[in-house]
Structure formats: C-alpha cells, structure tokens
Amino acid sequence: MSRIKTIGVLTSGGDAPGMNAAIRAVVRTGIYHGLKVMGIYRGYNGLLNGEIFEMDLRSVSDIIHRGGTILKTVRCPAFKTEEGLQKAISMAQVFGLDAIVVIGGDGSFRGARDLARRGLKVMGIPGTIDNDIGCSEYTIGYDTCLNTVQDALDKIRDTAYSHERCSVLEVMGRHAGYIALNVGIASGAEVIILPERPFDFNKDIIKPILEGRNRGKKHYIVIIAEGVGGAVSLAEKIEEITGIETRATILGHIQRGGTPTVRDRVMASIMGAKATELLANGICNQIIAVQKGEVVGIDIEEALETRKEIPRDMLELSTILSL
Ligand code: ADP
Ligand code: F6P
C-alpha cells in the first residue's frame with residue numbers, strides 16, 4: 001500500500017459539539033506525524049466542488065471550546081449516486097488527497113464506505129448527538145447534548161412543579177432513543193417514549209400518570225423522542241383524558257449547539273488523534289470506536305453491519321425509579 005502523505009478532513013451530517021476539537025486533533029496530530037492536512041468545506045458537497053484548502057497548526061487555534069464545526073456541514077444527496085462518488089474520487093486526485101477523515105454519523109460513514117469501495121482511503125470519527133453508531137459506545141457531541149437537555153428539563157420541571165402540571169418534552173433522536181432514555185433517568189421522568197420501544201397510549205402513558213397522581217404526585221414529566229414525535233398532540237390528549245393541565249416543549253436545535261463538555265473535548269481529541277495516527281501508519285478504511293471503554297479502529301464494512309440496542313437494564317431502571 002502506498003504511503004499516505006496528504007489527508008483531507010471534513011464534517012458531515014448533523015453538527016455536534018466537539019466536532020471542532022476533533023478537527024483540531026486531526027490537524028495537529030497529522031502535522032506532528034509529517035502529513036499535509038487539507039480542510040474540506042461543507043462535507044461531501046465541498047469534496048465534490050473542490051472546496052479544499054491546506055490547514056496549518058494555527059488554522060485550528062481557538063476552536064476547541066466552540067460548538068458547531070468550523071468546516072461547516074451540509075447534507076449532500078448527490079453523494080448517494082455513482083456520478084457523485086466518481087466526481088469525489090477525481091476531486092480527491094486533483095487535490096492530491098491520499099485519504100479523507102470523515103467526522104459524522106451513520107449516513108456519512110455509508111458515504112465513506114462507498115468511497116473506500118472505489119479506492120479512496122477513508123477513516124471515520126463518530127460525531128453525532130444521537131449516540132447511534134452501532135460499533136461505538138460513544139459519539140462526539142452526545143455528552144454536551146445530554147447536559148443541554150438536562151438543563152432545559154430542570155427549568156421545565158420548576159414551572160411544572162409550580163403549576164402542578166404535566167410537561168411533555170420532545171428531544172432529538174430520529175431513530176435512536178439514547179438522549180430520551182438517559183435524560184429520562186437523570187430527571188426521573190414518569191414516562192419515556194422511544195423509537196425502539198412500541199408503546200400503548202393508555203397503558204404506558206395515561207396509567208403511570210394517574211397512578212402517580214393517586215400516590216400523591218403533583219407534577220409529571222413525559223419525554224418523547226423526535227422519532228416518535230407528536231409532542232403537542234400528545235400533551236392535548238393527556239390533558240383531555242387525565243384532566244391534568246399539560247404543556248408541550250419541543251427542544252429542537254438548541255440540543256445541537258453550545259460549548260462542548262470536557263468529556264466531548266477529550267473524547268474528540270483522543271478519537272481525532274487515533275484516526276490520524278492510524279492513517280500515518282498506513283491503516284485505513286476504519287471507524288474509530290469506543291468499545292469496552294477502549295478507543296479502537298474497526299473495519300468500516302464490519303462497523304456498518306453492527307447494530308446498537310437500547311440496554312434492557314436501563315429501560316427497566318427508568319421504570320423502577322419513576323414509581
Ligand atoms: P449523519 O452522518 O449524521 O447520519 P446523514 O444521514 O444526513 O447524517 O448523512 C450525511 C451525508 O452522508 C448525506 O448528506 C450524504 O451525502 C451521505 N450519505 C448518507 N447516507 C448515505 C448512503 N446510504 N450512501 C452514501 N452516502 C450517504
Ligand atoms: O443527526 C442528529 C439529528 O439531530 C437527529 O436527531 C435529528 O433528527 C436530525 O439531526 C435533524 O437534523 P436537521 O434538522 O439538521 O436536518
């Protein structure tokens with residue numbers, strides 16, 4: 001395999017706090033190992049359009065504490081076509097990229113895998129608030145997001161307490177309920193609705209609220225993941241059936257921004273450095289993952305086959321503790 005001398009780095013899919021720390025780690029570790037590092041603007045779009053520029057040590061100064069991504073991100077439908085992929089490969093050749101580091105989620109890794117199958121070397125770093133990458137216990141941005149949601153929920157709880165109301169909170173997670181489940185446990189929510197777990201309206205929502213009221217509860221938190229959706233109509237139905245005044249809040253993109261937590265900065269730094277060290281050593285076509293607490297590289301084809309289940313014990317814990 002020919003030696004990797006020049007790497008590109010891009011961010012793709014939904015942004016996540018800590019992506020900047022990962023970019024910084026890639027650039028600085030790359031330069032440390034004697035690689036030329038090129039930044040690619042606007043995800044796969046920038047790769048197709050040749051929005052590619054050389055980065056130096058100072059290009060990543062003062063970004064470790066900033067949310068979002070200095071490289072920007074877009075969703076790029078053209079990348080799902082053969083024409084788009086071929087254009088990306090030839091643009092990588094134009095700029096002399098031997099490999100690219102993709103910081104993003106599952107969709108972005110599918111794009112990276114398609115590039116790898118066509119001969120462009122890749123490395124993936126999980127960056128998504130959803131924590132839904134099958135092969136990895138952790139994704140960059142997840143911890144910051146959890147803390148943002150928890151902070152918002154504590155405020156919502158204050159007003160739910162004062163008014164003796166039920167609050168329905170819709171959090172992000174199109175296919176994954178990690179945010180909903182963990183914030184639900186952290187806040188003692190009465191009800192947690194996840195995309196991974198079918199629910200019955202009367203048995204799983206109305207009954208626990210009324211049973212709680214009969215045991216003396218005066219306010220209630222219901223958390224629903226975006227993938228299930230419908231927070232506003234759910235709140236209306238809860239109020240209609242229980243007679244308990246109910247309000248809905250959809251947190252939206254506040255969950256994707258903000259100053260990354262220490263955990264996200266450190267994980268992003270470790271994962272970014274690992275990805276780049278592997279490339280400097282000629283190892284490619286892997287996803288950087290946390291497995292049993294260790295940061296490792298997993299073959300990209302294998303990584304994309306791995307599914308992640310919501311832990312059963314966490315589901316049970318959430319039910320027991322909300323009694
Ligand atoms: P995430 O990476 O956060 O899951 P998306 O699913 O939006 O975000 O994917 C980001 C980008 O990755 C898409 O805009 C597209 O360019 C590329 N992509 C997504 N899914 C695929 C796929 N199945 N095959 C090839 N490229 C894909
Ligand atoms: O990828 C993370 C995520 O926040 C999902 O939970 C959510 O469904 C999606 O991105 C929304 O993305 P956007 O509003 O940027 O299209």
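Colleague: What kind of model is it, and how are things numbered?

Modeller: It's a predicted model, where local features need pLDDT of at least 70, side-chain atom pairs count only at pLDDT 80 or more, and totals for chains, interfaces and linings use all residues. Residues are numbered from 1 along each chain as its sequence is written, chains are lettered from A and ligands numbered from 1 in the order in which they are written, and side-chain values use heavy atoms, with hydrogens and water left out.

Colleague: OK, strand 5: which of its residues are buried on each side?

Modeller: Lys-121, Met-123 and Ile-125 are buried on one side, and Val-122, Gly-124 and Pro-126 on the other. Buried here is under 20% relative accessible area, exposed is over 50%, and partly exposed is in between, using a 1.4 Å probe and protein chains only. Strands (E, at least two residues) and helices (H or I, at least four) are DSSP runs numbered from the N terminus.

Colleague: Why call strand 5 largely enclosed?

Modeller: Because six of its six residues are buried, the rest of the structure largely encloses strand 5.

Colleague: And why two sides at all?

Modeller: In a regular strand, side chains alternate between the two faces of the sheet.

Colleague: Which way do strand 4 and strand 5 run?

Modeller: Parallel: strand 4 (residues 99-104) is joined to strand 5 by six bridges. For pairing, DSSP has to find at least two bridges between two strands. Ile-103 sits opposite Ile-125 of strand 5.

Colleague: How many bridges link strand 5 and strand 10?

Modeller: Two, again in the parallel sense. Gly-124 has Ile-287 of strand 10 as its bridge partner. Strand 10 itself, residues 286-291, has five of its six residues buried.

Colleague: What about strand 10 and strand 11, parallel or antiparallel?

Modeller: Antiparallel, over six bridges, with strand 11 covering residues 294-299. Ile-287 turns up again there, with Ile-298 in strand 11 as its bridge partner. The two strands make a hairpin with two residues between them, and Lys-292 in the turn has a positive phi of about 50°.

Colleague: Switching topic: how many cavities of 30 Å³ or more does a search find?

Modeller: One, from a search of the whole structure. On a 1 Å grid over the protein atoms alone, a cavity is a set of points where a 1.4 Å probe fits but cannot get out; a pocket is an open set with protein on both sides within 12 Å along at least five of seven lines; and lining residues have an atom within 4 Å of a point. Grid points are joined across faces, edges and corners, and a volume is the space filled by probe spheres set on the points.

Colleague: What lines the largest cavity?

Modeller: Asp-106, Phe-109, Ile-133, Gly-134, Cys-135, Ile-287, Ala-303 and Leu-304. Helix 4 (106-117) and helix 10 (300-305) are the elements giving two or more residues to that lining. By class, the lining has six nonpolar residues, one polar and one charged. Ala, Val, Leu, Ile, Met, Phe, Trp, Tyr, Cys and Pro count as nonpolar, Asp, Glu, Lys and Arg as charged, and the others, Gly among them, as polar.

Colleague: And the largest pocket, how much space lies in it?

Modeller: About 1200 Å³. The pocket has 45 lining residues, and Asp-106, Gly-107, Asp-132, Arg-174 and His-175 lie nearest its centre. Helix 4 gives the most to the lining, with six residues. The classes come to 14 nonpolar, 14 polar and 17 charged.

Colleague: What's the strand order in the open sheet of four strands?

Modeller: The order is 7-8-6-9, with parallel pairing. Strand 7 (191-193) and strand 9 (246-250) are the edge strands, each pairing on one side only. Inside the sheet, strand 6 (residues 166-171) and strand 8 (residues 220-225) pair over six bridges, and Val-171 has Ala-225 in strand 8 as its bridge partner.

Colleague: Last one: is Ile-224 buried or exposed?

Modeller: Ile-224 counts as buried because its relative accessibility is 2%. It's in strand 8, and beyond its neighbours within four places in sequence, its contacts (heavy atoms within 4.5 Å) include Val-168, Ile-193 and Leu-234.
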